[in-house]
Structures are given as structure tokens and as C-alpha cells.
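Hello,

Here is the structure I promised to pass on. My notes on what turned up follow below it.

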Amino acid sequence: MGGTRVNPWLLAAIIVVVVIAVVIKRMIGEPVNAKDLFVAPAILTGIGILSLIKKTDLTGTDLTWVITGAVLGVALGALRGATVQLIDKGGVLWQRYTGRTFLALIGSLAVTAGFNVLAVKMGMHESARPLQLAIGVSFLGESLMVSRRGMTSGIPFAPARTR
């Protein structure tokens, strides 16, 4: 089957740049709008799912661990989202990462690393763990929690930026 393949190093570099940009923006503080909350996690999750679909050697064990890992990633992301500071700035909701957010991130990375070691020891192929999926579902969990907290705060979300 022909098709365009993206260089894995280029894809990894793009993902790293996107993640760093998101983290820096959230350290500084940024207005909360639905588009910014969900576009990057949806794209990363989609790329991860597509990379799994393209694999021809996935086993039931692989899929079980991938699904379990995705659920864990969403939960850990939601935990991180619970530590994000939400404030009213200029009449709209803003978010900012705090020290607790970074502690949650470090804890999440440790839990995820342990989970991945266990998954491989229990029969999951290492190639069945797309990094894009792991990052995407983690940011999705964070976004879901920030969104829920924002909606219950009574502070209106910021309008989507027009470019």
C-alpha cells in the first residue's frame, strides 16, 4: 500500500514543540476557551490512534494494555487538571499551571512509566505504545477537568481567538 509516511523524528519533534508551547502558555497563564482546550489533545490522540490502526501485528494483549493505559492517562490528566489555577481575569476564565500541577505531572510520569514496564513484562509489544496517544489522552483528561471546573465556576469561557 502506498501512502505518505511522516518521518518519525519529524513527528516527534513536532509533538515536543506543541507540548512545550502548551506548557509555557499555561505557565504564563492563558484564557480558557473550548477550542484551545480540546484541539491539541484531539489531534495527538487521533495521531496515536491512526498509528495503532496502521500496525498489523497488534495482539489482544496489546489492545488491552493500550486501552487500560489510555484510561489511566485520562485519569492522571484529570488529576493534573484539578491542580490548574482558574481565575477571573477581565471577565473571562483564565488558567495557569501551579507548582502542584508540576508535582502532579511528575507523579503521573512515574505512574505511567511503572505501568509501561508492567505492560511490557505482561506481554505488550513495546511498539504498541504510541507516545502521541499517551500525551493526547493525558491532555484530554486535563482539559475535561479544567472544562468541568470552569463550567461550575460561573466565570464565562473566553471566546475563541480569531486569526
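Asn33 sits in the loop that runs between β1 (30–31) and α2 (34–54). Please keep in mind that this is a predicted model. Asn33 has a relative accessible area of 2%, and the cut-off for buried is under 20%, so Asn33 counts as buried. Its side chain reaches the backbone nitrogen of Asp36, at 2.8 Å. Setting aside neighbours within four places in sequence, Asn33 is in contact with Phe157, Ala158, Pro159, Ala160 and Arg161.

**Salt bridges**

How many salt bridges does the structure hold? There are five.

Glu30 takes part in two that I want to point out. One joins the side chains of Glu30 and Lys25, at 3.5 Å from N to O. The other joins Glu30 and Arg26, at 3.1 Å from N to O. Glu30 is buried, with a relative accessible area of 5%. Lys25 is partly exposed, at 36% relative accessibility. Arg26 is buried, as is Glu30.

Arg26 also forms a salt bridge with Glu142; here the closest N and O atoms are 2.9 Å apart. This pair links distant parts of the chain: Glu142 belongs to helix α5 and Arg26 to helix α1, 116 residues apart. Glu142 and Arg26 are both buried.

**Nonpolar cores**

The largest nonpolar core has 14 residues. Val32, Leu86 and Val146 have the most contacts inside it. Helices α1, α2 and α5 (131–153) each supply at least two residues of this core.

Not counting residues up to four places away in sequence, Leu86 touches Val32, Leu93, Trp94, Gln95, Val146, Arg149 and Gly150.

Val16, Ile20, Ile24, Met27 and Ile28 make a nonpolar surface patch of about 480 Å². Val16 is placed in helix α1 (residues 8–28).

Best wishes

Technical notes. Residues numbered from 1 in each chain as written. Predicted model: local features only at pLDDT ≥ 70, side-chain atom pairs only at ≥ 80, totals over all residues. Heavy atoms only, no water. Helix = DSSP H or I, 4+ residues; strand = E, 2+ residues; numbered from the N terminus. Buried < 20%, exposed > 50% of the residue type's maximum accessible area, 1.4 Å probe, protein only. Polar contact = N/O pair within 3.5 Å; in protein donor to acceptor, adjacent residues only side chain to side chain. Contact = heavy atoms within 4.5 Å. Patch = residues over 30% accessible without salt bridge, like charges linked within 9 Å, V, L, I, M, F, W, Y side chains within 5 Å. Areas by Shrake-Rupley, 256 points an atom, 1.4 Å probe, with all protein chains shown as cover. Salt bridge = Lys/Arg side-chain N within 4 Å of Asp/Glu carboxyl O. Core = buried A, V, L, I, M, F, W, Y, C linked by side-chain atoms within 4.5 Å.
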